[in-house]
Amino acid sequence: MRFFKILENTRVLATNITNFDFCFNKICSNSDRAELGDVFVCRRGSKCDGHDYIETAHKRGVKTVVCEYITDYLHKNPDLRYIVVEDTSLAEVRMLDNAYGHPAKDMKLIGITGTNGKTSCAYMIKSLFDSAGYKTGLISTIKTLAGDKDITEKTCESEYNSMTTPSPSQLYEYLYKMKEHGTEIVVMEASSHALAQRRLDALHFSLGIFTNLSEDHLDYHKDLTQYMNAKTHLFDLCNIALINTDCKYGRDILKSLPCKAFSYGSKADFSFEKAGYTAKDTSFTFAHGEEKVLLNCPVPGDFTVYNALAAAAAAKIFKIDNKTIKSAIDNLAQIPGRLERVDIPDSFDVYIDYAHTPDALEKVLLTLKRVCRGRLITVFGCGGNREREKRPIMGRIATAVSDITVITSDNPRNEPREKIISEILSGAKRNSNYKVIENRKDAIRYALALAKEGDTLLLAGKGHEDYEITENTKRHFCEKEIIKEFFESKC
């Protein structure tokens, strides 16, 4: 690839390059992974500034730098080529889009943003479009699919960070592979981080979906207003918006959208009637204008109504018929780690769920409490190096709704487990029945031994994750394997 070809739509403010017609290896923004002949992009992050790593990248063989200002190191090393741009994050995605030949140009993109429900919505929408005969791709928190083929890259970066929306270089690699696979529709989770960092700014979405908003990631966004502004940036990039107007923030967003918009909710363009759920499924009537169809989704909970409603509405916007919608929703496969029921050789129920925000935890607990035949036992913790404010709130919710709560660790990262647990306990309901077991595996085994016939056990927080992050180490940790080992040891 020649350098001048990737500069389309990038305004160069200053440069020491006289001839832009030269070859380069690849575009890179991680100095530790830079290679000979790479173009190094100095992205500014919340914790690190790429401009501070130009020397590292240079020593690893980088010959060209994209920056926002000329550093002392660049002044002292005139052999190192540079271009100055206004925004390196935006320049990076535009250059990647050019380098990969605009891979999404002939595909229709559906972006989903919101605090909770993104993954479930994404899986439901993919199932709907698959059923309608489209070649559909998925970019989600759990995995990346081109049709049924798992194309998830297992790099050091992706394994450690496990980002909802991939890094720019990885995202364009995925889109390129999907293009080669003949993908027509790509369903993608759009995180607030990705939107704030402009990782998606070189893409154009046919449809953007807003699920809901509650407090999350405020360690990054600082306040709820910044968080909401990041989410709503998706609608600057799309043709049509689909907004949950049963969420008060959704109603606010709907008032000032730059694109055509539809609403979904109890009283909206796409609505539901006669909603209810059992321990096995959720049923409701999907209504749009004069059209009505009864849906039975095999996932219990009021939140399932909204996830399935958003998916059905997206399908109708793309002119998919009601028969196909009903078949896809009624026969939805289990979404990994989303109120996932684990088969066990005993007379109580075990569920694994990704709930790691106060709102998500409360909703899943209230759902299980309603259908539980015996006691509701909850195992949960809070992540380290993440917003501390939600810890006592989640402690209060878990101990107020559960009959028994086992408080443990959940990816403590660089924080002491006991400190995180202490902050959870500060919100625990007085005189509630809880036990602290720092080691999560021990906590799960304790809860399994405690459960009796008719009880429901929820393992909350990790969901699909098969790892645990402690300090700077990521080790294998699979809750389903721990459950299996527990019952095998009883035989």
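Let me start with the contacts of L339, where contact means heavy atoms within 4.5 Å. Leaving aside its neighbours within four places in sequence, L339 is in contact with V299, P300, F303, Q334, Y351, I352, D353, V364, T367 and L368. This is a predicted model, so local features need pLDDT of at least 70, side-chain atom pairs count only at pLDDT 80 or more, and totals for chains, interfaces and linings use all residues. Residues are numbered from 1 along each chain as its sequence is written, and side-chain values use heavy atoms, with hydrogens and water left out.

Where does L339 sit? Its place is in the loop between α12 (322-330) and β17 (340-342). Helices (H or I, at least four residues) and strands (E, at least two) are DSSP runs, numbered from the N terminus. L339 is buried, with a relative accessible area of 4%. Buried means under 20% relative accessible area, exposed over 50%, and partly exposed in between, with a 1.4 Å probe and protein chains only.

Next, the cores. A nonpolar core is a set of buried Ala, Val, Leu, Ile, Met, Phe, Trp, Tyr and Cys residues joined through side-chain atoms within 4.5 Å. The largest one has 65 residues, and those touching the most other members are I125, L207, I209, F286, I325, L361 and F380. Helix α11 (residues 302-317) gives the most to this core, with 10 residues. There is also a second, separate core of 50 residues, which includes F24, V93, M95 and Y249. Back to F380: beyond four places in sequence, its contacts include L361, M394, I407, I424 and A460.

Now α11 itself. Why is α11 described as largely enclosed by the rest of the structure? Because 13 of its 16 residues are buried. From first C-alpha to last, α11 reaches 23 Å, close to the 22 Å expected at 1.5 Å a residue. That expected span is 1.5 Å times one less than the number of residues. Just after α11, K319 takes a positive phi of about 65°.

Helix α6 (residues 168-180) has 13 residues and reaches 18 Å, close to the 18 Å expected. Its buried residues are P168, Q170, L171, Y172, Y174, L175 and M178. Just after α6, G182 takes a positive phi of about 85°.

Last, confidence. pLDDT is the predictor's confidence in each residue, from 0 to 100. The chain averages 94, and 96% of the residues score at least 70. Over residues 156-161 the pLDDT is below 50, and this stretch has 13 contacts in the model beyond near neighbours in sequence.
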